[in-house]
Amino acid sequence: MILRALPLILALGATHANANESVVAALSQNRVSISANFDGSEILVYGAVKRDEPLLGASALHVVITVAGPLAPVVVRRKLRKFGIWINADSVKIGQAPTFHAIATTGDLEKTLSEAEDLVHEISVDQMIDAVGNPANSQDSEIFREALIRLRTSEGLYSDIPVRVEFVEETLFGTRIALPANLVEGDYSVKIYLTRDGEVIDNHEQTIFVRKVGLERWMYNLAHDQPLAYGLLSLLIAIAAGWTASAVFRFIIKA
């Protein structure tokens, strides 16, 4: 009877050990304004681990922080060179992919987070991307997924090397996440995970609101709400720019 009860006691003990640690976190700012001179920003993520009582003899505690942009579908195409020109060939539809993704950890991600927990919580960019393709072409779908990650990494939208999280006495933590100039407007999710032995024991989530302001906001609203007026305005601007360039050129020739 005692042997049968032992697993239950151990499970309850583990639950209690995990339950007395929780994360409290904040952001240096939760709003980012995209204007004409916007060249990127930086977010400070900081917080502390709250404990009901100290854990003696417990394994090391780790922090994993992710910042993910709005999810959006995307079609990835493969280009082939035929008859001396590049043309679109095969394509795979990505059901959802974050427009931005950055990750910061206190150590190597493979050591701080198990694959099972990554799959459940969708922490890494690989798990956040949902490739919807022909099941018979699953290998090709993986190639297209890797191509998307590689492309957005080169554009500064995905980070392939985690940022370091400073963790003091397994209590206070903080890190800085750089936001590039080519951000997409939307709500950005900031998630902080506490992990021990590769398992998530607590998590906390906040939101960064990225919005266009000024002329960018007016042009964005015009393009989406009144596409005809936006097209006509773009045409007039192009005609005016062409006429101005032609007039300047004629003036230089005469001079």
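Trainee: What makes β1 and β3 a pair of strands?

Mentor: Two strands pair if there are at least two bridges between them. In this predicted model, β1 and β3 share seven bridges in the antiparallel sense, so they meet that cut-off. Within this pair, Glu-21 stands opposite Arg-51 in β3.

Trainee: Which residues lie on the covered face of β1, and which on the uncovered one?

Mentor: Glu-21, Val-23, Ala-25 and Leu-27 form the covered face. Ser-22, Val-24 and Ala-26 form the uncovered one. In a regular strand the side chains alternate between the two faces of the sheet.

Trainee: What is the order of the open sheet that contains β1?

Mentor: The order is β1-β3-β11-β10, four strands with antiparallel pairing.

Trainee: Why are β1 and β10 said to stand at the edges?

Mentor: β1 (21-27) and β10 (166-168) each have a single partner strand, so one side of each has no neighbour in the sheet. Neighbouring strands of this sheet are turned against each other by 20 degrees on average, direction ignored.

Trainee: How many bridges join β3 to β11?

Mentor: Eight bridges join β3 (residues 41-51) to β11 (residues 172-179), and the two strands run antiparallel.

Trainee: What makes the pairing of the six-stranded sheet mixed?

Mentor: The order of that open sheet is β2-β13-β12-β4-β7-β9. Strands of a sheet pair through backbone hydrogen bonds, either parallel or antiparallel. Here β2 (residues 31-34) and β13 (residues 199-212) run parallel, with four bridges, whereas β12 (residues 186-196) and β13 pair in the antiparallel sense over 11 bridges. The pairing of the sheet is accordingly listed as mixed.

Trainee: Which residues stand opposite each other in those two pairs?

Mentor: Arg-31 stands opposite Phe-209 in β13. The bridge partner of Thr-195 in β13 is Val-200.

Trainee: Which are the edge strands of this sheet?

Mentor: They are β2 and β9 (163-164), since each pairs on one side only. β9 pairs with β7 (residues 101-105) in the parallel sense over two bridges. The cut-off is at least two bridges, so this pair meets it. In β9, Arg-164 is the bridge partner of Thr-105.

Trainee: What makes Asp-197 worth a note?

Mentor: Asp-197 has a positive phi of about 55 degrees although it is not a glycine. Most residues other than glycine have a negative phi. Asp-197 is in the loop between β12 and β13, and the hairpin of these strands has two residues between them.

Trainee: Why is Asp-197 called exposed?

Mentor: Its relative accessibility is 61%. Exposed means over 50%, so Asp-197 counts as exposed.

Trainee: Glu-122 also has a positive phi, near 50 degrees. Why is Glu-122 called partly exposed?

Mentor: Glu-122 is at 38% relative accessibility. Buried means under 20% and exposed means over 50%, so a value in between counts as partly exposed. Glu-122 is in the loop between α3 (115-121) and α4 (125-128).

Trainee: How do you know that Val-92 is buried?

Mentor: Val-92 has 8% relative accessibility. The cut-off for buried is under 20%, so Val-92 counts as buried. Val-92 is in strand β6 (residues 85-98). Val-92 and Phe-144 are 52 residues apart in sequence, yet 6.7 Å apart in space, C-alpha to C-alpha.

Trainee: What makes up the nonpolar surface patch of about 540 Å²?

Mentor: Leu-228, Leu-232, Leu-235, Leu-236 and Ile-239 make it. Patch residues need over 30% relative accessible area. Leu-228, found in helix α7 (residues 227-254), is at 65% and so counts as exposed.

Trainee: How many helices and strands are in the protein, and what share of its residues is buried?

Mentor: There are seven helices and 13 strands. Of the 255 residues, 31% count as buried. The accessible surface comes to about 16000 Å², and 59% of this belongs to carbon and sulfur atoms. Among contacts between residues at least 6 apart in sequence, 71% join residues at least 24 apart.

Definitions and conventions
Residues numbered from 1 in each chain as written. Predicted model: local features only at pLDDT ≥ 70, side-chain atom pairs only at ≥ 80, totals over all residues. Heavy atoms only, no water. Axes fitted to C-alpha atoms, helices over the stretch in contact; angles between N-to-C directions. Patch = residues over 30% accessible without salt bridge, like charges linked within 9 Å, V, L, I, M, F, W, Y side chains within 5 Å. Areas by Shrake-Rupley, 256 points an atom, 1.4 Å probe, with all protein chains shown as cover. Salt bridge = Lys/Arg side-chain N within 4 Å of Asp/Glu carboxyl O. Buried < 20%, exposed > 50% of the residue type's maximum accessible area, 1.4 Å probe, protein only. Contact = heavy atoms within 4.5 Å.
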